[in-house]
Structure formats: structure tokens, C-alpha cells
Amino acid sequence: MAMINRYLWKETTLSILTITLGLLSMFSFFDLIEELDSLGEGTYNLSNILTFVLLSIPGHIYDIAPVATLIGMMVSLGALGRTSELTIMRVSGLSITNLGVMLVKVGLLFTIATILIGEFITPVSEEAAQRMRLEATEGVVAQNFESGLWVKDEKSFINVKTVLPDATLLDLSIYEFDENFKLLTISSAGKASYLDGRWRLSDVTQTKIIETDQVSDKHVETTFFDKANWESGIRPELLNILLVEPEKISAWNLYSFITHLANNKQETNRYDVALWTKMIYPLACVVMVILALPFGFLQQRSSSTSAKIFIGILLGVTYQIMNRVFIHVGVLNDWPPFMSAITPTALFLLAGIYLLFITERR
């Protein structure tokens with residue numbers, strides 16, 4: 001049994017890694033073609049493009065891990081089926097359940113690898129890639145409104161016209177309110193940089209709205225500063241979330257951002273869905289193993305490798321589309337984040353179990 005286990009591990013793992021390499025080559029080629037359109041913008045040269053493509057590889061690995069697991073498993077099991085090795089294993093007393101347990105361990109291996117890549121490598125590489133590209137093309141981080149980026153921080157509202165790739169803020173305004181939502185001060189700064197755990201403002205104009213005992217008696221005082229410190233719960237790590245898709249941010253940074261939004265009574269559903277997706281998505285590698293297992297026994301003689309690859313790609317693309325659809329539809333319709341994140345994986349798991357049941361009864 002141990003010999004069969006090692007043999008299955010070697011065959012399936014090698015097949016999955018080969019498919020992963022092939023898919024990575026394809027996606028990297030598409031990235032290269034797409035980035036060539038930006039060649040010459042600012043200082044964005046061929047070296048920058050190649051660096052961007054290389055830094056994007058961990059993100060692609062994270063995206064394609066379930067698909068590569070599915071296709072690799074289908075190809076390797078299909079090959080074992082055509083040579084009747086699976087049949088011999090079953091005749092020798094190895095049930096489909098035992099075979100499934102062995103292969104699920106391979107899926108768990110790729111699940112762990114996907115988690116590690118998604119948590120520790122992809123967030124860093126994606127942020128570095130986007131930051132490098134924006135700096136080279138002299139671009140800025142995308143903003144939510146034409147008036148700039150709006151952020152709530154406790155009793156203050158902050159408007160930033162431009163966020164640079166290094167988290168430097170340009171042309172920002174800070175509106176401070178009291179407990180009764182009365183405007184107290186308006187501070188405008190030409191630039192804000194994060195140094196030694198605090199924001200340093202430059203070219204600051206602060207306008208205070210002062211009320212006396214007379215209700216109608218209000219006046220303003222305006223003060224100018226070359227430099228000023230600004231204490232805020234907003235950190236560059238939170239602003240860096242604007243650089244990367246929520247699903248490719250580390251779970252800890254997502255949780256910190258969600259906490260910040262919740263503390264300021266802001267909508268968190270989009271990021272809640274992303275956090276649940278981060279926790280559930282890697283398990284799709286195990287689900288894909290279960291889904292691929294029946295294909296090793298179906299049409300063993302007639303089904304070619306190219307057919308297995310085509311079916312695997314079709315199922316993998318369907319899974320990715322369903323994932324995206326449920327994320328966006330769930331956010332639009334305010335579905336529970338857990339349901340939006342788990343539904344595609346659960347449906348594919350049920351399909352795999354159903355196919356296994358049919359195969360076992362044959």
C-alpha cells in the first residue's frame with residue numbers, strides 16, 4: 001500500500017506541476033503582450049515590463065492552483081486508467097474510497113502551498129509590481145471619486161486628491177467634527193508623508209470655526225504652518241490595499257482594514273467576502289481532486305489526454321467564473337459573505353461526490 005501511495009503521489013504531483021508550469025507560461029506571455037502597450041510611458045522600459053511579469057507570477061500561481069490541480073489530476077488518472085493500472089489497483093483490493101484518501105492528501109499539499117503563497121508571497125509581489133509600474137509610468141493610485149479619495153477616521157473626514165505609489169498623499173483636506181457633528185476645523189495640506197509612525201504635513205492651512213455663547217456669533221481663525229504632525233489611525237498599510245485586488249491581500253491586512261471600516265461605521269461587505277474567499281479558496285484544491293477522481297474510471301480506453309485537458313480547462317474556467325460572479329453578485333445583493341465565498345466550491349464538491357457515487361456503483 002505504501003508503494004502504491006508513493007507511486008500515486010509521484011505521478012499526480014508531477015502532472016500538476018507540469019500543468020502549472022504550462023498555465024504560468026501562458027499567463028506570463030499574455031501579461032507581456034499587454035504590458036508592451038505601455039512601453040515608453042514615462043520611464044517604463046523593457047526591463048520594467050519583465051520585472052512586472054516576474055512579480056505577477058505568484059499571483060497567477062494562486063489563481064490557477066485549483067485549475068492546475070484539477071487538470072493535472074485528470075491527466076494523470078486518465079493515463080493510469082488507459083494502462084489499466086487503476087483497474088489492477090481496484091482488483092488488488094484498493095477501493096475508490098482508499099484511492100480518494102490517498103489523492104486528497106495530494107490536494108492538501110497543494111492547499112497548504114496555495115495558502116502560503118497567498119498569504120506571504122502574493123501580497124508582497126503584487127504590491128511591488130503595481131508600485132513599480134505606477135512609479136515608472138508616473139501614475140497614481142486609483143481613486144474612488146472624481147474629487148479624490150474619501151476616508152473616515154473617527155470624527156474626521158479626509159479628502160485626498162492624489163495617492164502616490166509610495167503612500168505619499170498630495171492635496172489633502174481634513175474636516176474635524178465634534179460629537180454633535182458640528183464642523184470644528186478644516187486643515188489643508190499640500191503633502192503628507194508617513195515617517196516614524198506618524199503623518200508629517202507640509203504647507204498646512206488650518207481654519208478653526210469658533211463659536212461664542214451667542215448662537216449667531218461665529219468667526220474663523222486661519223493659521224499657516226510650514227510643517228505639522230497629524231495623528232491618525234490611517235496607516236500606509238491600509239492605503240496599500242488600493243494597489244492590490246482584495247482577494248490578493250493578506251488575510252491579516254484585510255482583517256485590519258475591515259476593522260478600521262467597521263470602527264468608522266463604513267460598509268465592509270466587499271472586504272468581508274474577500275476575507276472569506278481567502279480562507280475558502282485554497283480548499284478548492286482538495287475539491288478538485290475529488291472532482292477529478294471519477295474521470296480516471298470513466299471511458300478509460302476512449303478518452304484521450306487532450307479530451308481530459310479540455311474538460312479540465314472547461315471545468316476550471318467555469319469554477320473561476322462562478323467564483324467571480326458570486327463575489328460581485330453577493331456584494332451587490334448584500335448576501336452573507338460566507339455564502340458568497342463558499343457556494344461555488346460547495347457546488348463543485350457536491351458534483352464530485354455525486355460522480356464518485358455513480359462510479360462506485362458501476
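Tutor: Let's start with Leu254, which sits in helix H7, residues 251–263. Keep in mind that this is a predicted model. Leu254 has a relative accessibility of 0%, and under 20% counts as buried, so Leu254 is buried. Leaving aside residues up to four places away in sequence, Leu254 touches Pro246 and Ile249, along with Tyr271, Ala274, Leu275 and Lys278. As for Ile241, 13 residues away along the chain, its C-alpha atom is 8.1 Å from that of Leu254.

Now for the helix packing. H9 (residues 284–292) packs with H11 (residues 337–361), their axes 8 Å apart and at an angle of about 25 degrees. Angles under 35 degrees count as roughly parallel, so that's what H9 is to H11. The crossing of these two is left-handed. On the H9 side, the contact brings in Ala284, Val287, Met288, Ile290 and Leu291; from H11 come Thr345, Phe348, Leu349, Ala351, Gly352, Ile353, Leu355 and Leu356. Sort the residues of that contact and you get eleven nonpolar and two polar, with no charged ones.

And the strands: S1 (residues 149–153) is mostly covered, with four of its five residues buried. S1 runs antiparallel to S2 (residues 156–163), and five bridges join the two. Take Lys152: its bridge partner in S2 is Phe157. S1 and S2 make a hairpin with two residues between them, and in that turn Glu154 has a positive phi of about 55 degrees.

Definitions and conventions. Residues are numbered from 1 along each chain as its sequence is written. This is a predicted model: local features need pLDDT of at least 70, side-chain atom pairs count only at pLDDT 80 or more; totals for chains, interfaces and linings use all residues. Side-chain values use heavy atoms; hydrogens and water are left out. Axes are lines fitted to C-alpha atoms, for helices over the stretch in contact, and angles run from 0 to 180 degrees between N-to-C directions. Angles under 35 degrees count as roughly parallel, over 145 as roughly antiparallel, 65 to 115 as roughly perpendicular and the rest as oblique. A crossing is left-handed if the near helix is turned anticlockwise from the far one by less than a right angle, and right-handed if clockwise. Contact means heavy atoms within 4.5 Å. Ala, Val, Leu, Ile, Met, Phe, Trp, Tyr, Cys and Pro count as nonpolar, Asp, Glu, Lys and Arg as charged, and the others, Gly among them, as polar. Buried means under 20% relative accessible area, exposed over 50%, partly exposed in between (1.4 Å probe, protein chains only). Two strands pair if DSSP finds at least two bridges between them.
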